[in-house]
Amino acid sequence: MLAEFEILSPANLDEALELVASDATGNVRPLSGGTNLVVDLRAGGEAPTSLVSLCGVAELRYIKIDDGRVSLGAGTTVSDVLKHRDLCTLAPALAEAATVFAGMMVRNTATLAGNLCCGSPAADLMPPLLALGAELQLASKAGQRVLPLDEFYLGFKNNQLQRDELITEISFPIPPKGATNAFYKLARRKGDAITVAGVAVAVEFDGGICSAVRIALGAVAPTVLRAREAENILIGKALSSELIAEAAAQAIEESSPIDDLRASADYRRHCVGVLTKRLLTNALELKSQGNQ
Amino acid sequence: MANEKSITLEINGRRRETTITANQTLLEVLRGLEYFDVKSGCEKGDCGACAVLVDGIAVDSCLTFAATLDDRSITTVSGLGKGEQLHPLQKAFTEMGSIQCGYCTPGLIIAAKSILDENPDPTDDDLRLGLSGNLCRCTGYTRVFDAIQSAAKVMRDGGEQG
């Protein structure tokens, strides 16, 4: 049996913001799918006095594709993503991450905001969202603010979300025509496994030139991160196997993995190179096929 | 005890009113009400032994607080058949050697029901994706897949009794 707490059930976002704002002691926690939080509570790592259940806040669960943007409500579940065909077509990187995410029962309840806030560098939805250029909308009673996902994490399991704030939306621009995005999760199994190394890549082309690229790395540093120097090697150039190899080597430099029971730091560095190279090469091949 | 609350759950078609505390999971409440067909395994969302349907959606009952489920409909594996008549999935699992120690079976059948509700004609890859949250250490899954495919055919041919 878990330690005692109360569960508050706001009916809408305003009520939920009111409840998190009333947290004078720092002991109120938002609850969505609970797939991380309940495990943490059971492990004794958390001792909240109140949980604010967002289950009843239906306005936070939506997928919209319009005005050039994909907008995902914070309460969208991983299964919601998988079941949305247009979203999976536009953002195969996100679809792949949702596919290899935990198991079906967890996917059915785990939410985007929950995966964001758990703050694990192995949170599988984060590299694709970083590569897609995602922004977060945060709300409090005082108002709203927008933050690039890239700036959200401050360190291991530490982020910019204030105690009186909730994430309300994750959005990213609809990838332009001819752009590609992909994700690869390396783990011991395809399902229900914690990531050893994950890489997401999104590439945009202008004619034969790489006009924009985002490379995001998961599970190889205290937070998910962009390999910006590796990106800089590619931007404004025609991609070639030599250039891709150079960028992959740079991505390794930007990672800072640890040894743990899943893999050694050396192996993780190696994987960053292999996966970055593989995904960029695939992007180039898809681009070449598109031109034929 | 503090934070007690009375909730109503419709469990396998029967309305049950029960008093719970906020920190009780659906798993604890169901087993407290003697639904022992719902198994407690890892209690971390890895093994799927505790899977039940909430309004038709498969969830791990070990990760779900009962307090958030007032007035919702819960289906456990024993709620799938009709009286003494087994659901096609239950029948196929028992007939095709898909059960060995049996501990994972309730969760596997619940997950399978959820897969077939959405996709009556799944590929084995669809099953792999759908069963990725169900650990079975006995069968190697081959016969589990056989049973689900066999039950799926029965249900497509109009034999669904559940």
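1. For chain A, a compact globule of 292 residues would have a radius of gyration near 19 Å, and chain A has 19 Å, which agrees; the radius is taken over C-alpha atoms, and the globule rule is 2.2 Å times the number of residues to the power 0.38. This is a predicted model, in which local features need pLDDT of at least 70 and side-chain atom pairs count only at pLDDT 80 or more, whereas totals for chains, interfaces and linings use all residues. Residues are numbered from 1 along each chain as its sequence is written, while chains are lettered from A and ligands numbered from 1 in the order in which they are written.

2. The C-alpha atoms of chain A occupy a box of roughly 60 × 45 × 30 Å along the principal axes, and the chain has eleven helices and 14 strands, these being DSSP runs (helices H or I of at least four residues, strands E of at least two) numbered from the N terminus. Of its 292 residues, 52% are buried, a residue being buried if 20 or more other C-beta atoms, placed from the backbone, lie within 10 Å of its own, exposed if 12 or fewer do, and partly exposed in between. Among contacts in chain A between residues at least 6 apart in sequence, 64% join residues at least 24 apart, where a contact requires C-beta atoms, placed from the backbone, within 7 Å.

3. Leaving aside residues up to four places away in sequence, Leu129(A) touches Leu94(A), Ala134(A), Leu149(A), Ile170(A) and Phe172(A).

4. Chain B has five helices and five strands, which follow the pattern β-β-α-β-β-β-α-α-α-α along the sequence. Its radius of gyration is 16 Å, close to the 15 Å that the globule rule gives for 162 residues, so chain B is as compact as a globular protein of that length. Of the 162 residues of chain B, 49% count as buried.

5. Chain B is divided into domain 1 (4-77) and domain 2 (88-159), with bounds that come from an automatic or database domain assignment. The centres of these two domains, taken over C-alpha atoms, are separated by 22 Å, and 14 residues of domain 1 of chain B are in contact with 13 residues of domain 2 of chain B. On the domain 1 side, strand β3 (residues 51-54) of chain B gives the most, with three residues.

6. Within chain B, helix α2 (residues 88-95) has Pro88(B), Leu89(B), Gln90(B), Ala92(B) and Phe93(B) buried, and what covers the buried residues of α2(B) includes α3 (105-118) and α5 (142-159) of chain B. After α2(B) comes Gly97(B), whose phi is positive, near 70 degrees.

7. Between the chains, 25 residues of chain B are in contact with 25 residues of chain A. On the chain B side, β4 (57-60) and α4 (124-130) each supply at least two residues, and β4(B) gives the most, with four residues. That side of chain B divides into eleven nonpolar, ten polar and four charged residues, where Ala, Val, Leu, Ile, Met, Phe, Trp, Tyr, Cys and Pro count as nonpolar, Asp, Glu, Lys and Arg as charged, and the others, Gly among them, as polar.

Notes:
Contact = placed C-beta atoms within 7 Å.
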